[in-house]
Amino acid sequence: MTVATVAQSSMEAVRVDDDTRAWLSDLRSDGQARDAAIARLHALLLRAARFEAGRRRAALPHIRPSELDEIATEAADDALLSVLARLDDFRGLSRFTTWAYKFALLEAAVKLRKRAWQGREIPLDDDAWSGFSTGGLGPAGAAEQSELLAALQDGIASLTPHQRRVLVALAVNGVAVDVLADRLGTTRGALYKTLHDARGNLRAYLEERGF
């Protein structure tokens with residue numbers, strides 16, 4: 001049994017709507033029907049990418065509208081390739097257009113985050129800890145929080161250099177994971193694994209000291 005046959009059986013089990021069946025049939029066909037479906041799909045993905053670009057526009061005032069549209073077009077192009085390569089992964093749990101739309105949203109979000117950090121230095125040190133304030137707390141609360149922050153700094157210092165860089169960049173300095181992956185020449189999955197390990201080690205360090 002082929003992957004496509006398994007996917008078809010799964011969709012039959014969840015009673016896929018007629019519009020979704022038409023999309024999949026046309027995209028898996030040959031000739032003009034497929035070409036027309038691909039053109040319609042690209043238009044859908046471009047609308048999704050432009051929506052995401054517009055939603056983030058206020059946070060990217062330094063990017064010209066024409067460049068935003070170029071990014072959206074590139075995101076739609078890449079999303080189209082991803083959707084076509086993953087047609088057999090579609091299980092019919094939502095409308096096909098809803099499923100495909102998300103590819104463009106993700107592609108646009110990733111490209112816009114990378115563009116926002118382009119030319120900027122990624123902070124990998126832990127200077128951000130000095131920005132945490134104990135203001136507004138009573139003497140006892142301020143002392144307790146200061147003690148916790150000191151323990152956190154010591155715990156971070158106990159991590160491996162790579163774990164420390166990843167934790168500080170992602171969890172403290174707010175660097176986007178795909179941007180950091182691009183700068184460090186690694187993958188999102190590898191960074192998530194490092195972040196998970198770093199958090200586990202830091203949690204254990206704090207628990208051993210009664211926090």
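**The aromatic cluster**

Guide: Trp23, Phe90, Phe96, Trp99 and Phe103 form one aromatic cluster. This is a predicted model, where local features need pLDDT of at least 70, side-chain atom pairs count only at pLDDT 80 or more, and totals for chains, interfaces and linings use all residues. Residues are numbered from 1 along each chain as its sequence is written, and side-chain values use heavy atoms, with hydrogens and water left out.

Visitor: How many aromatic pairs does the structure hold?

Guide: Rings of Phe, Tyr and Trp (its six-membered ring) pair if their centres lie within 6.5 Å; planes under 30 degrees apart are stacked, over 60 edge-to-face, and the rest tilted. On that count, the structure has five.

Visitor: Tryptophan 23 and phenylalanine 96 form a pair of which kind?

Guide: Their centres are 5.6 Å apart, with 35° between the planes, so by the cut-offs the pair is tilted.

Visitor: How far apart in sequence are the parts that this pair ties together?

Guide: Helices here are DSSP runs (H or I, at least four residues), numbered from the N terminus. Tryptophan 23 lies in α2 (residues 18–27) and phenylalanine 96 in α5 (residues 96–117), so the parts they tie together are apart by 73 residues.

Visitor: Is phenylalanine 96 buried or exposed?

Guide: Buried means under 20% relative accessible area, exposed over 50%, partly exposed in between (1.4 Å probe, protein chains only). Phenylalanine 96 has 0% relative accessibility, so it counts as buried.

Visitor: Which charged end sits over the ring of tryptophan 23?

Guide: The test is NZ of Lys or CZ of Arg within 6 Å of the ring centre and within 35 degrees of the ring normal. At 4.9 Å from the centre of tryptophan 23's ring, the charged end is that of arginine 40.

Technical notes
Helices (H or I, at least four residues) and strands (E, at least two) are DSSP runs, numbered from the N terminus.
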